[in-house]
Amino acid sequence: MAIENVQQLLLEQLGKNPGTTIINADSGSVSGNFYCVHFPIESVIHSNTVTDMASSQSNLLNSQTYPAGTTLFLNFATFKLTSGLAILYKE
């Protein structure tokens, strides 16, 4: 999806209309159409599915420690944490 104007870009950065989903390690796996994940504290991804990436590539994101403040802009369809906290931005 192409950015049409500055207002649309700002909405993307702020979690536009559908909002966000916040998860921790106890949340289990979540499914949806997420365009971004932000880690406010140090976190580890347990598993994920990225819609426009081969599973062998998206699996490389698993079991990695992401420092607080890390943001990943990928089209996640499923997401689960081993530890930490994640804010998933809905498409």
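These exercises work through the fold, strand pairing and core of a predicted model.

**Exercise 1.** State how many helices and strands the protein has, and give their order.

Solution. 
- Count the elements: there are two helices and seven strands.
- Read from the N terminus: the order is α-β-β-β-α-β-β-β-β.

**Exercise 2.** Find the share of contacts with a separation of 6 or more that comes from residues 24 or more positions apart.

Solution. 
- Take contact as heavy atoms within 4.5 Å.
- Keep the pairs with a separation of 6 or more; residues 24 or more positions apart account for 78% of them.

**Exercise 3.** Determine which strands pair with S3, and in which direction.

Solution. 
- Locate S3 at residues 43-50.
- Two bridges join S3 to S4 (residues 65-66), and the two run antiparallel. Here Val-44 stands opposite Thr-65.
- Six bridges join S3 to S6 (residues 76-83), again antiparallel. Val-50 has Phe-76 as its bridge partner in S6.

**Exercise 4.** Describe the largest nonpolar core and the place of Phe-76 in it.

Solution. 
- Start with burial: 35% of the 91 residues are buried.
- The largest nonpolar core has 15 residues. Val-37, Phe-39, Phe-76 and Phe-79 have the most contacts inside it.
- Assign the core to strands: S2 (30-39), S3, S6 and S7 (85-90) each supply at least two residues. S2 gives the most, with four.
- List the contacts of Phe-76, leaving out residues up to four places away in sequence: Gly-32, Asn-33, Phe-34, Val-37, Asn-48, Thr-49, Val-50 and Leu-61.

Notes. Residues numbered from 1 in each chain as written. Predicted model: local features only at pLDDT ≥ 70, side-chain atom pairs only at ≥ 80, totals over all residues. Heavy atoms only, no water. Buried < 20%, exposed > 50% of the residue type's maximum accessible area, 1.4 Å probe, protein only. Pairing = 2+ DSSP bridges. Core = buried A, V, L, I, M, F, W, Y, C linked by side-chain atoms within 4.5 Å.
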